[in-house]
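Me: Could you walk me through this model, with the cut-offs behind each term?

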Amino acid sequence: MENGRYVNSFNSQYTSSGWMSVLKWKITTRSNVQLPDKKEELDKLLPIIQHWKREDLNRTIPGLRFIWIGHASCFIQMNNFRFLVDPVFSERCGMYSRVGPKRFRPPALTVNNLPDDLDAIFITHNHYDHLDYLSVKDLNNRYGEQLTWFCGRGVRESLSDMYVKNIIELDWWEEYFFLKKEINIAFCPAQHWSRRGLFDTNKSLWGGFAIWDNTYKVYLAGDTGYTHNISIFRQIGQKYGPFDLSAIPIGAYEPKSIMKNQHVSPDEAVQIHKDVQSKKSIGIHWGTWVMSNEYFMEPPKNLKQALQNNHLDPTSFIVLKHGEILDLPE
């Protein structure tokens with residue numbers, strides 16, 4: 001931390017893009033997103049598998065279950081431990097309910113669809129596409145103090161303002177034993193930044209999570225750029241890997257002049273997959289909101305090519321349909 005603000009201390013060359021760069025992109029750059037106007041075409045390209053019965057979500061035998069809700073939001077079950085990652089169910093992600101990017105794909109789950117025995121929520125950082133007031137409010141209204149919320153240092157203030165209880169704040173490399181479910185949790189470094197208002201840039205910490213019990217290890221990368229000068233991801237793999245399952249972002253990487261330090265491309269996502277020693281990875285952070293300039297279906301296409309370039313099994317790093325259930329072992 002420097003002058004009361006968190007920094008990407010492992011990368012002395014890290015720089016963030018200012019408002020003028022973003023404004024110039026928005027005004028002068030032609031959009032490559034090519035989002036279809038018709039819902040029927042979107043349904044064909046990005047189908048939604050919705051689950052209306054809560055009991056359908058629970059895995060009844062030991063193992064891992066992963067459901068991609070959309071963007072960075074996921075439901076994961078590790079044996080008898082059930083949790084959400086960066087749950088956002090709102091129509092828009094922004095400071096207010098009518099401001100910010102609008103979904104072009106609805107969430108595959110709603111708060112009412114979730115199982116009754118949800119244990120925890122993991123928040124990787126405080127950006128609006130990862131921490132949403134209305135979603136937190138709805139989760140809090142349904143579950144109350146049944147939930148334990150895990151986050152980086154400084155995020156407690158935002159969660160407390162949303163009347164959340166049972167908050168565990170962690171620093172990079174800090175570990176916590178969740179006695180209630182006998183689960184180990186570590187907050188891992190990522191190259192990113194934080195902000196919810198005009199004057200709180202980097203006042204809270206961003207990162208990912210390693211989560212493990214006696215049988216499985218899961219890695220949640222969070223939002224991140226790739227650290228070329230020193231691979232924090234190799235360090236994560238050496239300290240906590242190999243991982244049975246990882247959720248790694250693959251979208252929102254164009255234009256590179258703005259996004260390269262904060263979001264990875266599919267090629268860099270594959271490098272993270274290798275660095276952390278992930279046996280199976282899921283590509284997230286795409287296909288939900290228009291937040292960047294690449295063609296909206298490009299991330300999975302480029303992911304497939306990156307795996308081929310690295311001579312990796314194409315089933316080792318995949319994308320799921322919204323709401324699709326992945327069970328390990330299958």
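Predicted model: local features only at pLDDT ≥ 70, side-chain atom pairs only at ≥ 80, totals over all residues.

Me: Is Tyr128 buried or exposed?
Reply: Tyr128 comes with the UniProt annotation "binding site" from an unreviewed entry, which also covers His263; UniProt positions are in the numbering used here, feature names are shortened, and annotations may be inferred rather than shown by experiment. Tyr128 sits in the loop between strand E4 (120–122) and helix H3 (133–143), where helices (H or I, at least four residues) and strands (E, at least two) are DSSP runs numbered from the N terminus. Buried means under 20% relative accessible area, exposed over 50%, and partly exposed in between, with a 1.4 Å probe and protein chains only. With a relative accessible area of 17%, Tyr128 is therefore buried.

Me: Which backbone oxygen does the side chain of His263 reach?
Reply: His263 is in the loop between helix H6 (256–259) and helix H7 (266–275), and its relative accessible area of 11% makes it buried. Beyond neighbours within four places in sequence, its contacts (heavy atoms within 4.5 Å) include Asp223, Ala252 and His285. A polar contact is a pair of N or O atoms within 3.5 Å; within protein, one must be able to donate a hydrogen and the other to accept it, and residues adjacent in sequence count only if both atoms are side-chain atoms. At 2.7 Å, the oxygen reached by the His263 side chain belongs to Ala252.

Me: What is the largest C-alpha distance among Asp129, His130, Asp223 and His285?
Reply: UniProt lists these four, Asp129, His130, Asp223 and His285, under "binding site" in an unreviewed entry. They are spread over 157 residues of sequence, yet cluster in space, with a largest C-alpha distance of 10.4 Å.

Me: Which residues does Asp129 touch from that listed set, leaving aside neighbours within four places in sequence?
Reply: Asp129 is in the loop between E4 and H3, and a relative accessible area of 6% makes it buried. Its contacts beyond four places in sequence include His71, Val88 and Trp289.

Me: Which side chain makes a polar contact with that of His130?
Reply: His130 is also placed in the loop between E4 and H3, and counts as buried at 1% relative accessibility. Not counting residues up to four places away, it touches Asp223 and His285, among others. The polar contact of its side chain, at 2.7 Å, is with the side chain of Asp86.

Me: Which residue of E4 is the bridge partner of Val85?
Reply: An open sheet of 7 strands runs in the order E6-E5-E4-E3-E2-E1-E14, with mixed pairing; two strands pair if DSSP finds at least two bridges between them. Strand E3 (residues 81–85) and E4 run parallel, joined by 3 bridges. In E4, the partner of Val85 is Phe122.

Me: What is the C-alpha separation of Lys304 and Asp267?
Reply: Lys304 belongs to helix H8 (residues 298–309) and is exposed, at a relative accessible area of 62%. Asp267 is 37 residues away along the chain, and the two C-alpha atoms are separated by 9.4 Å.

Methods:
Residues numbered from 1 in each chain as written. Heavy atoms only, no water.
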